[in-house]
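Student: I would like to learn how to read a protein structure. Could you take me through one, feature by feature?

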Amino acid sequence: MVLVADELKRKRAEIGAKIEELRAKIVSLERQQAAFDVVIPSYEPEYSPAGTPRAATWRKRQGVIEVSELLKDVDRRGFVLRTLREAAHPITTAECAKAFARETGLAEDDARLGQVANRFSQTLDRLARTNRVRRAG
């Protein structure tokens with residue numbers, strides 16, 4: 001009886017390892033696919049990524065969760081102010097996101113950087129409303 005339980009546990013662990021491997025592969029493939037979705041419209045402006053709305057919603061939700069996790073322990077306000085001070089000239093939110101990527105070790109072509117830039121844009125909007133920064137043309 002113990003031998004059967006040990007074998008079942010071993011098989012279960014083996015399947016769990018395969019599941020994790022597949023999850024990592026799916027994340028990698030989704031990032032590659034997102035990169036294609038960014039580039040294709042430059043050649044074909046009317047292009048719209050195909051897929052079911054449910055799958056797109058799930059991918060979007062996953063991206064939001066990933067970005068939220070990425071920024072979880074980051075003082076966005078402090079980071080944005082420090083980055084602006086160090087730049088000594090107006091910068092875009094995309095440049096701010098690239099600075100974040102360099103500081104945290106992310107690849108500068110990471111698919112999540114667009115969403116990170118959106119979060120920094122929200123932070124800049126709040127800072128502008130409280131007169132901590134000015135908008136540049």
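This is a predicted model: local features need pLDDT of at least 70, side-chain atom pairs count only at pLDDT 80 or more; totals for chains, interfaces and linings use all residues.

Student: Thanks! How many helices and strands are there in the protein?

Tutor: Helices (H or I, at least four residues) and strands (E, at least two) are DSSP runs, numbered from the N terminus. Here the protein has 5 helices and 0 strands, so its pattern along the sequence reads α-α-α-α-α.

Student: What share of the residues counts as buried?

Tutor: Buried means under 20% relative accessible area, exposed means over 50%, and partly exposed lies in between (1.4 Å probe, protein chains only). Of the 137 residues in this protein, 20% count as buried. The accessible surface, found by the Shrake-Rupley method with a 1.4 Å probe, comes to about 10600 Å². Carbon and sulfur atoms account for 56% of that surface.

Student: Which residues have the most contacts inside the largest nonpolar core?

Tutor: A nonpolar core is a set of buried Ala, Val, Leu, Ile, Met, Phe, Trp, Tyr and Cys residues joined through side-chain atoms within 4.5 Å. The largest one has 20 residues, and Phe-100, Val-116 and Phe-120 have the most contacts inside it. Helices α3 (76-87), α4 (93-104) and α5 each supply at least two residues of this core, with α5 giving the most, 7 residues.

Student: What does Phe-100 touch?

Tutor: Contact means heavy atoms within 4.5 Å. Leaving out residues up to four places away in sequence, Phe-100 touches Leu-70, Leu-71, Val-74, Phe-79, Leu-106, Val-116 and Phe-120. Across the protein, of the contacts with a separation of 6 or more, 60% are between residues 24 or more positions apart.

Student: What is the phi of Ala-88?

Tutor: The phi of Ala-88 is near 60 degrees, a positive value in a residue other than glycine. Ala-88 sits in the loop between α3 and α4 and is exposed, with a relative accessible area of 70%. Asn-131, in the segment after α5, is not a glycine but has a positive phi of about 60 degrees. At 69% relative accessibility, Asn-131 counts as exposed.

Student: Finally, what volume does the second largest pocket have?

Tutor: On a 1 Å grid over the protein atoms alone, a pocket is an open set of points where a 1.4 Å probe fits, with protein on both sides within 12 Å along at least five of seven lines; lining residues have an atom within 4 Å of a point. A volume is the space filled by probe spheres set on the points. The second largest pocket has about 430 Å³. It is lined by 14 residues, and the closest to its centre are Leu-84, Val-133, Arg-134, Arg-135 and Ala-136. Helix α5 (residues 113-129) gives the largest share of the lining, 4 residues.

Note on methods
Residues are numbered from 1 along each chain as its sequence is written. Side-chain values use heavy atoms; hydrogens and water are left out.
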